[in-house]
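Please read them beside the coordinates.

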Amino acid sequence: VAKTIGIGMIGCGTVGGGVARLLHDMADTYTQRVGAPIALRRVLVRDPGKHRDALRGVSNAADLLTADADAFFATADMPIVVEVAGGRGVVSQYVRRALSMGKHVVTANKALLAAEGGELFKLAHENQAAIAFEASCAGGIPVITALQFGLMANRIQSLHGILNGTCNYILTEMTQKAKSYAVALKEAQDAGFAEADPTLDVSGGDAAAKLAILAALAFGVRIDADQVWTQGIDQLDLVDIKLGAELGYDIKLLGIAQHGQDGAVSVRVHPCFIDARTLLAQVHGPFNALLVSGHAVGQTLHVGRGAGELPTASAVVSDILNLASGWYAQAFARMRLWPDTQTPARMVSADDLVSRFYLRVNALDKPGVMAQITRILGEAGISLSAVMQHESAAGRMVPVVITTHAARQGAVQGSLQRIAGLDVIEGRPVCIRIADLPQG
Ligand code: NAP
Ligand code: HSE
């Protein structure tokens, strides 16, 4: 029998619990697939005394758990370290320590990779170690594998992704069951989809980190999470979801990355209306999806569970098995796909981002008001696609909805400022982007 491959794990919460379960329940199958047994050697947590349901079937559970980082790193025969703790700070130090010792690292931590990926990949290459990170983006869907290897023959032109399970769950529950934002968020937290700090999800920050990683792999350039233009779902109003539906749109938090002919890159995460008849619009609840456009392949759509215990553990454990079987570390050493080997991206500025837009203003229902609004848009060269206003009692405030053809974001924002200044307008204008998805 081949020598057991020992795994050290940092964190044993939602994802770590799933990893422990799979390694225990599937042990014989994995031994067969990899050609050697895989075993958890040590698990570093904050509180080893906490009850952990996931370790119930593990005979040496009490011996595995420790809160002592030095004891963890002193554990013998532990060539692979799995980081499923999350966050940066001390967790970043642990990852660096593992890499410096030449250990391969499997991580689900997009926040860490999006901010420090360049340095971490460099450290890994210097120490003949590898970093595997399938679970960092889109949970159980193998999108990292697809971009790194399966679609390698392509020049990738764009990515359109539903990349945050918590936000997609909240939007689905609000749209389909008229639940409140707060109730839907609490349910996503209880189901284990949300980050420890759920503001990371609803602010769009989690999706931005994932998009930065995916776009860097797709376009072969270095992109930091703070270069992603980001807007969350926390300011969305149910009335816009309903008005958008009347126009044939579904609302999604979308990550969009485009690589122009001139090499410039645009990356953004924001709530977005998409045609309700598209496949992406059918992706509901905690499911994620990534639509990839490649010059040779055309469109490929990758759909699956983007968050939760076992779907995420599926990606983490697959990384462990790919490392244990040897091929991934060789690919990591030879290939030049990772951020430490890439030049920084040339970014399209936020003002120059081009999109279609849904605009809503609360306007006084009296003669000439619509003309004032449309004149301002016309003066900025913004062409209108549709205008909608429901009947109301004359002289009252009514929502006026306008959709535009493709326009520069800077021009739209400037026009909205002018419109907000009109004395016939009440409150802040609402502006939601409309994405026309690539076809073919
Ligand atoms: P979680 O349930 O909050 O679990 C975190 C675990 O890490 C806990 O066991 C905690 O120990 C341990 N931990 C935290 N800080 C630590 C430290 N400084 N030292 C040692 N242990 C520490 O988190 P999770 O949902 O499993 O997420 C973990 C990672 O996976 C995050 O990077 C997240 O972004 C990513 N991820 C999560 C999902 C998902 O669906 N949940 C999906 C994809 C990726 P105690 O148990 O003792 O408190
Ligand atoms: N909090 C994340 C989400 C977990 O809701 O998508 C998966 O990365």
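1. For the residue classes used below, Ala, Val, Leu, Ile, Met, Phe, Trp, Tyr, Cys and Pro count as nonpolar, Asp, Glu, Lys and Arg as charged, and the others, Gly among them, as polar. By that scheme the lining of the largest cavity has 6 nonpolar, 3 polar and 2 charged residues.

2. The model is predicted: local features need pLDDT of at least 70, side-chain atom pairs count only at pLDDT 80 or more, and totals for chains, interfaces and linings use all residues. Residues are numbered from 1 along each chain as its sequence is written, chains are lettered from A and ligands numbered from 1 in the order in which they are written, and side-chain values use heavy atoms, with hydrogens and water left out.

3. On a 1 Å grid over the protein atoms alone, a cavity is a set of points where a 1.4 Å probe fits but cannot get out; a pocket is an open set with protein on both sides within 12 Å along at least five of seven lines, and lining residues have an atom within 4 Å of a point. Grid points are joined across faces, edges and corners, and a volume is the space filled by probe spheres set on the points. Helices (H or I, at least four residues) and strands (E, at least two) are DSSP runs, numbered from the N terminus.

4. The largest pocket holds about 1200 Å³. Its lining comprises 45 residues, with Gly-13, Val-84, Ala-85, Gly-86 and Ala-196 nearest the centre. Helices H1 (14-25), H5 (90-100), H6 (110-126), H8 (165-177), H10 (199-202) and H11 (205-219) are the elements that give two or more residues to this lining. H5 gives the most, with 3 residues. By class the lining has 19 nonpolar, 15 polar and 11 charged residues.

5. For the second largest pocket the volume is about 410 Å³. It is lined by 18 residues, and Gln-231, Arg-428, Pro-429, Val-430 and Cys-431 are the closest to its centre. Helix H16 (409-420) and strand S17 (425-434) each supply at least two lining residues; the largest share, 6 residues, comes from S17. The lining divides into 8 nonpolar, 5 polar and 5 charged residues.

6. The whole structure has 2 cavities of 30 Å³ or more. The largest, of about 60 Å³, has among its lining residues Phe-133, Phe-149, Asp-319 and Trp-327. Helices H7 (143-150), H13 (309-324) and H14 (327-334) each give two or more residues to that lining, and H7 has the largest share, 4 residues.

7. The second largest cavity has about 40 Å³ of space. Leu-359, Arg-360, Val-361, Ile-373, Leu-377, Val-400, Ile-402, Leu-416 and Ile-419 line this cavity. S13 gives the most, with 3 residues. By class there are 8 nonpolar residues, no polar and 1 charged.

8. The axes of H8 and helix H9 (residues 181-190) come within 9 Å and cross at roughly 135 degrees, which makes H8 oblique to H9. Axes are lines fitted to C-alpha atoms, for helices over the stretch in contact, and angles run from 0 to 180 degrees between N-to-C directions. Angles under 35 degrees count as roughly parallel, over 145 as roughly antiparallel, 65 to 115 as roughly perpendicular and the rest as oblique. The contact (heavy atoms within 4.5 Å) includes Tyr-169 and Met-174 of H8 and Tyr-181 and Leu-185 of H9.
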